[in-house]
Amino acid sequence: MRAHRDRGRDGLGGSIVSDPRLGELLGSQAASARVVLLGFPSDEGVRRNGGRPGAAAGPAAIRGALGRFTPDARDPSRFAELLRHTVDLGDLAVTGDLEGDQQRLGEAVAPHLDAGRFVIVLGGGHETAFGHFLGYHRPVSIVNWDAHADVRELKGGLGHSGSPFRQALEHPRGLCRGYTVAGLQPHSVPAEHLAYVRQHGRAIFRDELQDGDAVAAVYADLAPTLVSFDLDAVNGSEAPGVSAPATDGLTSAMWLRAAYLAGADARVTSADVVELLPAHDPDGRTARLAALTVWQLLRGIAARSRSP
């Protein structure tokens with residue numbers, strides 16, 4: 001991430017950073033990290049699913065926006081301390097072989113999950129989530145903020161951006177212990193998929209999420225938990241740069257509260273942010289929302305150490 005600095009004088013002939021940005025505050029030592037970021041610049045799964053491609057450029061756009069943000073001015077010391085223990089591992093080198101790339105993503109995040117570090121994966125299409133899941137060596141529940149259930153059947157035996165959670169639920173290791181999807185649009189979910197989700201967990205529609213309490217309730221009774229944030233759950237006026245823009249999606253305020261609560265909840269052990277298409281985001285608003293999703297996750301993680 002590119003650093004942005006405004007310097008003042010410290011009165012002793014030296015300079016101080018008066019306007020620190022995330023791009024210059026991140027740490028560099030993975031061994032001492034509490035949080036790691038990793039990009040998965042793949043949208044092969046979107047192509048297979050017949051969606052609008054372009055999410056492969058998502059990680060770079062998220063980093064570009066995130067690096068320009070400041071720590072939370074209301075608690076800058078705690079936030080900056082977390083950033084010193086947050087390491088950006090760059091992007092996974094993808095090959096276009098989706099199954100192999102997903103396996104490599106799982107292998108890349110597994111050591112960090114095993115070490116108790118919070119992993120944030122920057123997608124990529126929603127096929128990112130299955131590779132992310134493959135990094136778990138212990139049982140995990142999944143919460144997916146999404147307008148779609150993403151439990152479609154495989155196509156010709158191959159996974160895609162619409163199938164990651166069916167793949168996780170049916171994986172032979174049996175580590176996916178439950179699935180919740182929140183933000184569903186009733187006109188975007190086939191009845192068969194709704195029945196499948198309810199067989200394995202909870203389906204929460206957009207009109208059931210009217211306030212902050214309803215957003216918080218999504219995280220009830222889940223531990224440990226992987227949380228996936230598909231930007232197409234947000235109202236298209238606030239997130240136009242996605243594969244399938246929403247007409248009546250979640251507000252950005254609800255979405256960002258969901259991100260903060262995920263970060264603040266010690267039962268949540270990792271997250272991904274997916275489906276940003278920079279080519280369809282001319283003014284960068286969706287990239288900023290995606291980056292602010294990561295920022296809110298970090299803010300929440302920083303709050304974990306706050307005394308009750």
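**View 1. E153 and its partner R166.** E153 is partly exposed, with a relative accessible area of 40% (buried is under 20%, exposed over 50%, partly exposed in between; 1.4 Å probe, protein chains only). E153 makes a salt bridge with R166, their closest N and O atoms being 3.6 Å apart (a side-chain nitrogen of Lys or Arg within 4 Å of a carboxyl oxygen of Asp or Glu). R166 is buried, at 12%. The pair links distant parts of the chain, 13 residues apart: E153 sits in the loop between strand 6 (140-145) and helix 7 (164-169), and R166 in helix 7 (helices, H or I of at least four residues, and strands, E of at least two, are DSSP runs numbered from the N terminus).

This is a predicted model, where local features need pLDDT of at least 70 and side-chain atom pairs count only at pLDDT 80 or more, while totals for chains, interfaces and linings use all residues. Residues are numbered from 1 along each chain as its sequence is written, and side-chain values use heavy atoms, leaving out hydrogens and water.

**View 2. E44 and R48 in helix 2.** Here the two side chains meet in a salt bridge (3.6 Å, N to O). E44 and R48 are four residues apart in helix 2 (residues 44-48), so about one helical turn separates them. Both are partly exposed: E44 has a relative accessible area of 26%, and R48 has 22%. Salt bridges with shared partners join E44, R48 and E99 into one network.

**View 3. D283 with R285.** The closest N and O atoms of this salt bridge lie 2.6 Å apart. D283 is partly exposed at 37% relative accessibility, as is R285 at 34%.
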